[in-house]
Amino acid sequence: MTAPLPAIFLMGPTASGKTGLALELARRYDMEIVSVDSALVYRDMDIGTAKPSADELAQVPHHLIDIIAPTESYSAAEFHADALRLIADIHARGKIAMLAGGTMLYYKALEEGLSDLPQADPATRAALDTEAAEQGWPALHAQLAAVDPTTAARLAPNDSQRIQRALEIYRLTGEPMSALLAREHDSKPALNLLKLALLPDDRAWLHERIALRFKLMLEAGFVDEVRTLRAKYPTLSLELPSMRCVGYRQAWQYLDGELTETEFFEKGVVATRQLAKRQHTWMRSMADLTVINCQQADLVTPACRAIDAWQH
């Protein structure tokens, strides 16, 4: 059995100071940074994603940034495969991979492994939609309870999206979704992890940072960035994952005249706060976290202390 590969998770809500701390730690410990951010994968989306600058990217090796066009998609499964390969490659170079970012689903996939769930099947979904139209979703929930009582027990009778997915999986595989999900832990990657979490003591402090950062993004030309994206990629639309990134939908609506400048700013800030809240909730549910109060001026010292203890 191979020894677990060392890796550091540097997590935190948006605007908590991850980028600056990641750069400083990577320089001190000769690490390489693997981005754990579903927005930074997109080329030409720089301002609204708070992408590290060209100078910052040049200071230490970075990975999984600018790898696809905004018209393409990138899944947690693709991240899982790419990150494990990169961790091994970086280890082979005698360095440690530091995985920095705020896409908590990616961290979960990497730490716990991925279940082998089938892709969505349009024909099966259409058949389920037809049945639901005729019988109602509670009837399909009862169907689900008969074949997968574990999943049905945690779903409301009218939770159409999740009931459909669970029944789709059963019809495609002949196995309940709960059984397939239970297997994901069997494929758990062999990693020796240090999990650092930047979290504020006072949520209001983070809210102020978020508002300021969004203001600075606007001053840096965020609206022009989205205008350029729409011109460069004619097939770009609000339905694509890239335009579901925080701020981009609101900028799109502003350009279409659906929002005033004030509404755009307010909705962008609120959406970013909601993202930070979701990130905070994810982290609080994770085990073995080393929490660093991101409100303090010195983030480097406690992070170094944790890394040194972990390495020894």
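Which residue of β4 stands opposite Glu32? Select Glu32, and the residue opposite in β4 is Ala97.

This is a predicted model, in which local features need pLDDT of at least 70, side-chain atom pairs count only at pLDDT 80 or more, and totals for chains, interfaces and linings use all residues. Residues are numbered from 1 along each chain as its sequence is written, and side-chain values use heavy atoms, with hydrogens and water left out.

**The sheet**

Stay with strand β2 (residues 32-35), which pairs with β4 in the parallel sense over four bridges. Two strands pair if DSSP finds at least two bridges between them. Helices (H or I, at least four residues) and strands (E, at least two) are DSSP runs, numbered from the N terminus.

Now select the six strands of the open sheet, whose order is β3-β2-β4-β1-β5-β6, with parallel pairing. β3 (62-63) and β6 are at the edges with a single partner strand each, so one side of each has no neighbour in the sheet.

Next, select strand β5 (residues 191-199). Seven of its nine residues are buried, where buried means under 20% relative accessible area, exposed over 50%, and partly exposed in between (1.4 Å probe, protein chains only). Seven bridges join β5 to strand β1 (residues 5-11), and the two run parallel; in this pairing, Leu196 is the bridge partner of Leu10. β5 also pairs with β6, in the parallel sense over five bridges. There, Leu198 has Ile292 as its bridge partner.

Move to Thr290, in strand β6 (residues 289-293). Thr290 counts as partly exposed because its relative accessibility is 27%. Show its contacts (heavy atoms within 4.5 Å): leaving aside neighbours within four places in sequence, they are Leu194, Lys195, Leu196, Ala197 and Ala306. For a distance check, pick Thr272, which is 18 residues from Thr290 in sequence and 24 Å away in space, C-alpha to C-alpha.

**Helices across the strands**

Select helix α14 (residues 300-311), which lies across β1, β5 and β6 and runs at about 165° to β5. Helix α13 lies across β1, β5 and β6 as well, running at about 135° to β5. Axes are lines fitted to C-alpha atoms, for helices over the stretch in contact, and angles run from 0 to 180 degrees between N-to-C directions.

**Thr103 and α4**

Go to Thr103, in the loop between β4 (97-101) and α4 (104-112). Is Thr103 buried or exposed? Thr103 counts as buried because its relative accessibility is 14%. Not counting residues up to four places away in sequence, Thr103 touches Val36, Asp37 and Ser38. A polar atom of the Thr103 side chain lies 2.8 Å from the backbone nitrogen of Ser38.

Then select α4, where the buried residues are Met104, Tyr106, Tyr107, Ala109, Leu110 and Glu111. These buried residues pack against β1, α3 (76-92), β4, β5 and α13.

The contact involves Met104, Leu105 and Lys108 of α4 together with Gln279, Trp282 and Met283 of α13. What kinds of residues make up this contact? They divide into four nonpolar, one polar and one charged.

End at Gly113, which follows α4 and has a positive phi, near 85°.

Definitions and conventions
Polar contact = N/O pair within 3.5 Å; in protein donor to acceptor, adjacent residues only side chain to side chain. Nonpolar A, V, L, I, M, F, W, Y, C, P; charged D, E, K, R; others polar.
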